[in-house]
Every structure is written in structure tokens, then in C-alpha cells.
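Open the model in your viewer and keep the selection tool handy. We will go from one stop to the next, with a short note on what to see at each.

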Amino acid sequence: MMRFLLLFSRQGKLRLQKWFTPISEREKKKIIRDMTSMVLARQPRSCNFLHWKDLKIIYKRYASLYFCLAVDNQENELLALEVIHRYVELLDKYFGNVCELDIIFNFEKAYFILDEFLIGGEIQETSKQVVNRCIESSDMLQEDDSSEWYEVELFG
Amino acid sequence: MPAVSKGDGMRGLAVFISDIRNCKSKEAEIKRINKELANIRSKFKGDKALDGYSKKKYVCKLLFIFLLGHDIDFGHMEAVNLLSSNKYTEKQIGYLFISVLVNSNSELIRLINNAIKNDLSSRNPTFMCLALHCIANVGSREMAEAFASEIPRILVAGDTMDSVKQSAALCLLRLYKTSPDLVLMGEWTSRVVHLLNDQHMGVVTAAISLITCLSQKNPDEFKTCVSLAVSRLSRIVSSASTDLQDYTYYFVPAPWLSCKLLRLLQCYPPPEDGAVKGRLVECLETILNKAQEPPKSKKVQHSNAKNAILFEAISLIIHYDSEPNLLVRACNQLGQFLQHRETNLRYLALESMCTLASSEFSHEAVKTHIETVINALKTERDVSVRQRAADLLYAMCDRSNAKQIVAEMLSYLETADYSIREEMVLKVAILAEKYAVDYSWYVDTILNLIRIAGDYVSEEVWYRVIQIVINRDDVQGYAAKTVFEALQAPACHENMVKVGGYILGEFGNLIAGDPRSSPLVQFNLLHSKFHLCSVPTRALLLSAYIKFINLFPETKVTIQEVLRCDSQIRNSDVELQQRAVEYLKLSSIASTDVLATVLEEMPPFPERESSILAKLKKKKGPGAVSVTELEDSKREGGELNGGADRGPDTSALAASNASTPSPSADLLGIRSAAPINVAPVSAGSLLVDVFSEAGPAAPSAAVNDDGFLRFVCKNNGVLFENQLLQIGIKSEYRQNLGRMYLFYGNKTSVQFASFTTTVSYPGELQSHILSALKPPNLQMR
């Protein structure tokens, strides 16, 4: 299973943190420090996998954001890379050319999308269409019950 | 790119986030945050009830502040209120808040569970999913207690929607992991297995994770899943890329599902049913074949997905370890990856090969790649890849290539990362011992180790080389000569001095004939390092000096002078002082016979298992543990005096814990016969039975032989003493009553564990004596 997923910028600012097991706040902060320093120190042409304690760390950089996923030792590393990629694809479909700012200003949406994709440290749904449909239908529900003026985005 | 969010806006939140980003300093940020917190607090406490939108906005702001890293201690009630709202967005934010800021207030938990219960029974699939996600995210014991029976029902109910089933499966998995005792097997288990046949691939994907975990704990209950998994897998593997529609990922059919199926199969032994097994082998062969086909897409995602399935299939093949043909093919495939352009693949190939190396079918095949691996060790830029290469060399080592591999690992060690040096040292030491045909090679290797990475050579390693030298007559001369030469280097590591001191002390006579290594030369060489060493090393050297006096009487005067000088006999360290004083005295008053007996050559050590293996196992590392275990169980190890190193070393671990069986407190039997495994400071006596009758070279402190007679007149004093233990007695008598205290003092710097004492009463004393044991005050010296 996956243990945690962190997104942070090149300066080490954390943009998203998802923990799949119960961990104390202090422990979380320590892990965040360790991960950011470890990953940011990696050379450009290294492989995407690291060993840390008894976990495997898979990381990949997309533009200005580092995606850092920690999995159990028996997990398949290449698939974990693709989990990261799939999540980026989902964000991209939702926000349209997603960038770091989108995740900063719409952090709660990033968490909602993640919840449709991964639950309890495991993949829930691997079809991009199905996940997108879920997210979009929730958006529909939002538009129904919101009384504020909103921007309608036309998507095909 | 939209800075304004879709849907409902929440302008206030966006403005707040902008403000924070525009803060120029940490202090400004904290100031802004505190201002906002005060604002929110007052709004929450205010008289007017907040509308849903505002509540949502403020709760979201609190969440943001929390995720920035600041503590939040309020807002939970409002979040719980949001949970119970009927508006989807409000619910969503409420759930997110309480999943992230888990609170252990029982009242809140009760309210949250209530809200969840309502959502679960609402029959609205979106609400049900939200609730299930929350349970899966939090997974607390209270939630498990409340919902563990409900969720399996939802999972297998006929009218549950697919999306809800998926969430329910993974939610149940989470609860099972955190509170396995609350998730009871029931009639739902057989129906869960049949989810493997579900039409909806998403449901299968989710269900498989659940089944994999459950079958690890209850293999029999779920063993019907094996044949279902095989048929599903073969359907996917043989499907064209258009069949599975959206479950095809960059032209690879259902990679996640395939890998999960392969992982599930790794929980069980190979299928017994011939037909099932045949289908599975066919599948695996297809996967291996596909790897050779040209790629359908240039994108890295395609190759990653394809290779992910390949690696998982190889893991399964290795796990079964029963199809030689497949194993060899897997090995060849990995061999190709070893030289692939992509670093990731080289890394994974090296890692996978480590496990292949321990299988008897593929061990030889793995060895053919030795040159590639050595090359990787030397030329890879990425340190983690180099480390995998080192692990693989360790795994593939056997008698035929040991010398080559050890040499390569030694040269790698010279430039290796500090963080991995200790592990490398242990591995080299183990290999050198295991595959040594010629023990002088072994001695050379260890001395090289000390020379290259002395700081990382732990005690176990150099104890071991000394044990081996002591036990093997044929290598003693060579060891003495080599050590002598090594000590002549201008800057030699302290561990080298320890080893050298010990070996010259025991076997210096073997090289004393040569004028270049005459006794005085040897002594001067050792003594030149004396002042550079730490206290334990100096103690060892002092012991070596007294041994010299015994071996080479012509050095007696010189050495005595050294012992006599103030820096020794008035040394502030008690151990050194004691040794200097006692050795000096011993050398002056003992006759040559007595001296020779006391300082007799160290007898061979009894057969022990290697403590180095135990130490390596303790270190975390992918190649370290499993490979050694597999190696030991599958192959014959090297020999040490006819014995072989096997498995975990409990005796050495016991030694390091300094556990003592009880020395009998029998006053009339001073020398207790019970052997004790303790690791005292002096060199090499790790394996010596310290309390045994035939006390070897180390001169013990004066044993109070006539000690107990003294107590006829005296009430207090030391009853028994040796290097490890001191037993003191204190008694008081009044009229017909007497009280006797026995004190056991630990003289080592290691804590005694499981220390027990027994008092035995001869004859009628039993009825007259009451004894009570006070819990020991475990102090160390």
C-alpha cells in the first residue's frame, strides 16, 4: 500500500500532504523535512527510486512541483510512478493545463480528486474517464446547491 | 490558468491565500494568520448563526492554515455541523476537515459517527462514498467499532452501486488493517472472492486489494481466488489493446489490475490444478514474450506500465521457484535491462536479480552477468544504483567468484558513501570468511578492510579475525607477519593496532627469528602507537606487553621500565593503572614457569556462529537480510574448524546483552561452575567461558580463596571477586537473630540481564533461614 504522498515545490514548500496511515503531527513534520531534503538533493539523471527506512520512495518532478510517493517495500515501483502520472493527468484534465498555482488556490479540490483515485493507500479506480465523471458530477452538485455567483466552465 | 476556482468560488479563501503568499516574511505571515484566526474565532462564537457558505469558507481557511503547518485547536464543531448538512459541498469540506484534523474528543467522535451512519444509510451513492472515504481516511478504532459490521454488508449487497462497492472494499481493507479483530469473517467472504469476476474493472481492482490482504491472514478461506485470478489475468494478457477501452493505459491493457492479480498469486504456492497451472504458465510466457516485442508507443508511460507487469511477473516466477525455464528466461530479460538506457530499469533489474541469485535454478545464470554488474559498480553515477550493484555482487557470490567479488567490493569501499560503509564492511567480512579456501587470503582481506574503512569496522569483525587466527595454526605465522608489516604504515587505524597488538602478543614469537621483526622491534613498534590510542586499546596493548615478557625474556627490562613509569602506574584510568601495576608485579615476582602458565597461548575458541551475520541482519537494507538467509539455507557455507556458520546468532546476541545464568550464591562453593557469555573489554575473550575452571591467559584479580574464613571474625567484606562480579557480604547479629546481606556488584561496563541468584540451605538450616531477594539495582560501573 501507499503510505503517504507529498507535493512540494523546488524551494521545499509543501503544497499537498496525504497520509494513508495514522501518524503523529511531530512525526509528519519530521518526515516532510526528511523527504524534501532527500529528494531535492538528488542529481538530475538519477533514477526515480530511493530507499528510506523500510519504505520505497518514488518521486518525479513535474514543472515546479515534486511528487513524492512512499510505498511499502513489496510494491511495484514502476506502477507507483504511473500512479503519480495518473494523478497529474487527472489534475490536468480538471484544471486544464494544471500548474502549481492551481493546486495552491484550490487545494481542497486537489484532495477531492485524490480521494476519487486513491483510498486507504490503494488505487480505487484506474479509468480516467470514470474518475473524471465522478469529479464532474460532484461539481454539478456544487453548482446546484450553491447560491453564489459562479463561473461556468464549458467543457466537452 | 484559473486562479479562481471552479464551481462555487469562495472568494474569501482565494483572497486569504493571496495575502499569505504576498507576505514578505515569516513574521508577517504569522501575523496575518493570527488576524484571520481571531476573525474566524469571533465569527464562530458570534450570536448570528452562520450560513452554510460562510461556515464552509471559514472551515476551509482553517484547513489551509493547518496544512501550512500551524496548529489549529478549534473548528471541529463547525466541521461536524457541515457534515450533517444536506448540501454536497458543505459535506465535502466538513469531511475533509475532520479527516485531516483528527480529533480524539469522544463527544465529537460520537457526532461524527452519527453523521456517517446517516450518510451510509442515505442510499445516495455520492453521500455514501463521501462517508466511506472518510472512514478509510481516518480508520480509527471507534469508527471500526461502529462500522466494521456494516461495511461488508454494503460491499456484497446486490443493489450497491459500483462506485460505492469500490469505496466500500477499500474502506473495509483499511479497517481490517488497523483493527483486524473487529472485522470478522462471515458469509460475505465467499461473495467478496466472486467480485473478482465482476464486470466492472474498477470493482475488481478495488476488491483485489482487499482480497490480497485478507488472504495473507486467512489463506484457506480465500484460496478459491487463485483460479479466478488466473483466468482473469489470462483474459487481460491476451486481450487486444482496444478491448478494455478506458482501462488500457497507453496501449497497455489494465496494468494496475494485472499487477495486482500477479501480486495476489504471490500469496499462494503454485496452483495444484494442472489446468490452472498451465494457463498461468502460458500467461507468464506471454508477458515475457511481449517484453521482446517492439514498443507500441514511445512514451515512457507505456514502457513503465509494460515493464511494471514484467517485473511483477518475474517476482511471481521467483516466488514459485519451480519452473527452471521461466527462471532462466526471467534472468535473461533482467540481464538485458542491466544495460538499458533508462536508469530506472537498470536499478530495478539489479534489485530483481538479487532475489534471482538465491534460487538454485537461476544462480548460475545470474553469475554470467558478473562483469556487467562490476562495471555498474564502477561507473554508475547514481549512488543508489551502485548500492544495488553491490548488493547483487554479495548475493551472487560463491566459491568460484569470491576472490574477484571481494576484491571489487574492497575497491568500491574506498570511495563509497559513508552511509553505506558499515554495511559493506560487514558484507565483505562475511564473504571473506564464508568462501575462504586459503585463510591467508582471509586475513589479508580483513586487514585491508581495516586499512580502508577502519572506522566502520565493528568489533564483531575484528574479533572474528582473531578467533580464526587463533583457531588455525597454519595461518598464525602469516598473520603475525602481515600485521607487523601493516603496523609499520605511518598512519594506521586504531583497529589495526588492536588486532596487531593481540596477534603479536600471541604469535610474535613466530616472526621473532627475523632481525627485522625481532622482539624489541616488535615492542617498539607497538609502543610507538600507544599514546595515540584510546583506553581500551591501551589496555589491550598492556596485555600484549606482559605476553612479550613471557615470550621474550630479553625484553623484560625494557617493558618493565615502561610499566613502571608514572603515566602507567599512576594512570587516571583505573583499568590501565590496575593492569600496569599487576603486570609489573607479576613480571617481577612470578617464576618463569608460573608466568608461562598464566600467559599460556590462547586455546582455540569453541565453535560459535558468526555474530557478523546477526549484525548485518539488524541493519535495514534490501539485499542484506533476505539474501543472507536464503544463502545460508540453500548453500553450503565455508568451514571454520569443521563447523559452519548458520543463521541468526543467538549466542552472540546473548553475549552483547551480557545475560548471565545465575551464579549460585552457595557460600561453600566459591568457584561457580556456570559459564557466562559476557563481552568484557579485553580483546578476544568474547568466546571464552569466563567463569570456567581452566582460566586462560588473562590474569584474574586475586580471588578471595580464604576469604570466607575471615567472616568468622568479621561481619562485612568482599566474599568473592573476579573481573566481572563482586559479591560482598554484610551481616549483623543480635542475640539469637542474625541478618546477612549479599551484594552482587557488576564490574563490567555492560548491563547484566536476567541475573538471578539462588540460595541453597544445607540440611536443617532451611527451617531456620528466611531469605528474600531485593530487586536488583541495575547499575553499571
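Select Phe251(B) to begin: this residue is partly exposed, with a relative accessible area of 44% (buried means under 20%, exposed over 50%, and partly exposed in between, with a 1.4 Å probe and protein chains only). Phe251(B) sits in the loop that joins β1 (248-249) to β2 (252-253) of chain B. Helices (H or I, at least four residues) and strands (E, at least two) are DSSP runs, numbered from the N terminus.

Now look at the backbone. Phi of Phe251(B) is near 70°, a positive value in a residue other than glycine. Most residues other than glycine have a negative phi.

A word on the source: this is a predicted model, where local features need pLDDT of at least 70, side-chain atom pairs count only at pLDDT 80 or more, and totals for chains, interfaces and linings use all residues. Residues are numbered from 1 along each chain as its sequence is written, chains are lettered from A and ligands numbered from 1 in the order in which they are written, and side-chain values use heavy atoms, leaving out hydrogens and water.

Next, select Asp321(B), in the loop between α16 (300-320) and α17 (324-337) of chain B. Here phi is near 50°, again a positive value in a residue other than glycine.

Finally, colour chain A by secondary structure. How many helices and strands does chain A have? There are five helices and seven strands, and from the N terminus they run β-β-α-β-β-β-α-α-α-β-β-α. Of its 156 residues, 63% are buried.
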